[in-house]
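Colleague: I am new to reading structures. Could you take me through one, feature by feature?
Modeller: Gladly. Here it is.

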Amino acid sequence: MSTAHRYRISAHDPAAHLFEVRLTVANPGPEGQVFAMPAWIPGSYMIRDYARNVVSIRAESDGLDVPLAKLDKSRWRAAPVQKPLTLVAEIYAYDLSVRGAHLDATHAYFNGPCVFFAVEGQEDAPCELEIAPPEVPGAAEWRLATSMRRKDGPPYGFGTFEARDYAELIDHPVEAGNLSIGEFEVRGIPHAIAIRGKTRVDMGRLCHDLETVCERHMALLGVPDGFDRYVFLVYAAGNGYGGLEHRWSSSLVCARDNLPARGDDGVGDAYRTFLGLASHEYFHSWNVKRIKPAVFTPYDLSAETHTGLLWVFEGITSYYDDLALVRSGLITENSYIELLGRTVTRVLRGSGRLKQSVAASSFDAWIKFYKQDANSPNAIVSYYAKGSLIALALDLKLRYETQGRVSLDDVMKACWERWGQTGEGMPEEGFEAVAADVSGLDLDDFFHASVRGTGELPLDAMLHTHGIQYHVRASSGSSDKGGQKLENSKQRSVWLGATLAETSGKSVFTSVMNGGPAERAGIAPGDEAVALDGLLLSSGNVDKRLKAYRDGEELDLVVFRGDELVSTRIRLASAPLDTCYLELVEDVELDVESRRMAWLHG
Ligand SMILES: [Zn+2]
């Protein structure tokens with residue numbers, strides 16, 4: 001075993017949001033040692049160039065400075081030395097997202113790719129990490145949570161940690177601060193949840209429910225080798241939503257009121273959102289952290305790595321996240337089909353689904369899905385949302401056409417055996433081949449149309465075979481996410497074909513739909529709404545204002561473009577049926593009922 005690289009990170013200057021990172025390499029390369037910072041973090045497919053946050057950097061050996069040359073945007077080479085070489089850097093950390101690093105006087109959070117340099121050519125060597133406590137008032141009460149294996153120091157304390165290699169070192173985010181910590185076990189494996197942020201969380205209930213969800217996923221694919229601990233790191237903020245998966249942990253950001261407070265009962269919209277997020281990240285422990293696209297084995301963190309398979313890894317994970325909630329009894333069937341209706345609605349509302357396939361969306365995630373702008377609804381489709389609907393359609397199709405013999409569960413089990421347990425990467429055509437293989441069905445047309453094509457999915461028909469009625473209706477307005485039945489009188493009769501949102505106290509057109517009334521009237525993203533038909537128009541009153549008009553009416557519309565007033569005429573059109581809701585069919589035939597039971601209850 002080669003000598004471990006020794007890393008040390010300290011909260012060097014919390015007021016300036018600077019970590020100090022020291023890295024000592026026992027046997028630096030004879031030609032001079034090269035160090036590299038990742039350009040991206042696994043799970044978040046965008047070039048972020050973490051080296052941009054390196055504020056200062058130097059090298060030393062045997063008490064003397066060693067010259068350091070910058071090679072490119074992310075790499076440095078230290079001059080050759082005979083003795084151990086130490087790199088010392090100050091790294092700016094003020095990004096609160098799950099893919100960043102953040103340091104202030106109240107807490108320290110970091111992802112490895114943001115702060116740890118790779119030792120080029122020695123990435124396979126083991127790593128040791130000392131995390132030093134900060135010298136700020138109150139830090140004595142801080143606790144530290146991470147899934148990294150502890151070498152010394154008390155539980156939830158600062159200390160020394162170890163990782164098998166660099167790839168593992170950067171796969172364990174770390175949170176330290178005033179944390180609320182809950183613990184539970186799943187199949188004897190210790191799990192923890194560490195929450196930062198003021199909460200009145202009912203920790204007992206939260207742990208019980210998480211245990212239920214985690215157990216559900218374990219029951220599907222089994223315990224991965226070496227899966228001997230798991231940590232949910234949660235930042236409960238005023239507002240926010242997001243997560244990033246790792247092999248033994250995940251980082252989540254949620255709104256504070258998405259966590260169950262003491263005295264709450266039932267699973268409302270908010271708590272269901274949190275459970276879905278936690279379920280999603282946990283399922284990734286199998287699907288993308290162990291079953292991986294071939295191009296991610298290993299990750300090349302220096303540049304974009306393209307795969308057409310993100311719909312498999314994000315879409316299928318998005319399908320199983322909420323499905324696990326209904327299958328484990330945490331939410332009702334009606335609650336679950338409400339969520340499905342919302343997902344269908346999200347896909348229906350963008351005409352981008354007619355232009356971009358999920359395979360293309362996956363491939364171009366780096367430049368499109370992760371770089372969305374006002375035109376995105378017209379140009380791209382989410383491989384999350386549509387990917388989960390492909391998973392749904394495929395699951396129901398497999399169940400129906402094999403008379404219940406095969407389901408998506410069986411396909412996932414086969415993927416797990418073939419790629420998860422072996423560590424081999426899934427080739428680009430791998431998922432489709434396994435699905436056909438396991439089911440014995442010819443799925444070419446299905447995959448061709450749904451994955452590489454832009455046709456509508458056969459959801460209506462497939463849901464029907466499982467006792468679910470598919471409906472579409474018009475939206476009732478900007479807060480209508482779909483999923484629920486609504487009387488005709490509450491639905492829009494006309495629309496502008498644009499979204500209005502309040503930004504900096506102004507009502508601004510944020511997206512303008514291709515072919516819609518606003519686009520034909522010459523309205524552009526960024527225009528500030530002023531008046532419609534002679535009366536004030538705002539994001540707050542648009543839904544109410546439109547109720548007074550009918551399809552085909554032509555009205556004066558006034559906006560500011562920059563500081564210039566623009567007057568135009570807009571011809572209203574009838575609102576599209578872009579909002580889906582589903583209903584459980586009562587009194588179905590016995591075979592339909594048993595199919596529905598098998599699907600929703602495993
Ligand atoms: Zn995900």
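This is a predicted model: local features need pLDDT of at least 70, side-chain atom pairs count only at pLDDT 80 or more; totals for chains, interfaces and linings use all residues.

Colleague: What percentage of the residues count as buried?
Modeller: Buried means under 20% relative accessible area. Of the 602 residues, 57% count as buried.

Colleague: How many helices and strands are there?
Modeller: There are 16 helices and 31 strands. The radius of gyration is 26 Å, close to the 25 Å of the globule rule for 602 residues, so the protein is as compact as a globular protein of that length. Its C-alpha trace spans about 80 × 65 × 50 Å along the principal axes.

Colleague: What share of the contacts join residues at least 24 apart?
Modeller: Take contacts between residues at least 6 apart in sequence. Of these, 68% join residues at least 24 apart.

Colleague: Now the metal. Which residues coordinate the zinc ion?
Modeller: To read a metal site, look for the donor atoms. Here they are NE2 of His280, NE2 of His284 and an OE atom of Glu314, at 2.0 to 2.1 Å. Along the chain their spacing is H-x3-H-x29-E. Histidine 284 sits in the loop between helix H4 and helix H5, while glutamate 314 is in helix H5, 30 residues apart.

Colleague: Is histidine 284 buried or exposed?
Modeller: Histidine 284 counts as buried because its relative accessibility is 0%. Glutamate 314 is also buried, at 1%.

Colleague: How many salt bridges are there?
Modeller: A salt bridge needs a Lys or Arg side-chain nitrogen within 4 Å of an Asp or Glu carboxyl oxygen. By this rule there are 37. One of them joins arginine 6 and glutamate 128, with the closest N and O atoms 3.1 Å apart. Arginine 6 lies in strand S1 and glutamate 128 in strand S12, 122 residues apart in the chain.

Colleague: Which residue pairs with arginine 561?
Modeller: Aspartate 527 does, at 2.8 Å from N to O. Arginine 561 is partly exposed, at 37%. Aspartate 527 is buried, at 1%. Elsewhere, shared partners join Glu20, Arg22, Arg58 and Glu60 into one network of salt bridges.

Colleague: Which residues form a nonpolar patch on the surface?
Modeller: Val55, Tyr92 and Tyr94 do, with about 310 Å² of accessible area together. Valine 55 lies in strand S4. Exposed means over 50% relative accessible area. Valine 55 has 52%, so it counts as exposed.

Conventions
Residues are numbered from 1 along each chain as its sequence is written. Side-chain values use heavy atoms; hydrogens and water are left out. Patches are made of residues with over 30% relative accessible area and no salt bridge: like charges are joined within 9 Å, nonpolar side chains (Val, Leu, Ile, Met, Phe, Trp, Tyr) within 5 Å. Accessible areas come from the Shrake-Rupley method with a 1.4 Å probe; for residues, only the protein chains shown count as cover. Helices (H or I, at least four residues) and strands (E, at least two) are DSSP runs, numbered from the N terminus. Buried means under 20% relative accessible area, exposed over 50%, partly exposed in between (1.4 Å probe, protein chains only). The radius of gyration is taken over C-alpha atoms; the globule rule is 2.2 Å times the number of residues to the power 0.38. Contact means heavy atoms within 4.5 Å. Donors are N, O and S atoms within 2.8 Å of the metal (3.2 Å for Na, K and Ca); water is not among the atoms, so sites may look incomplete.
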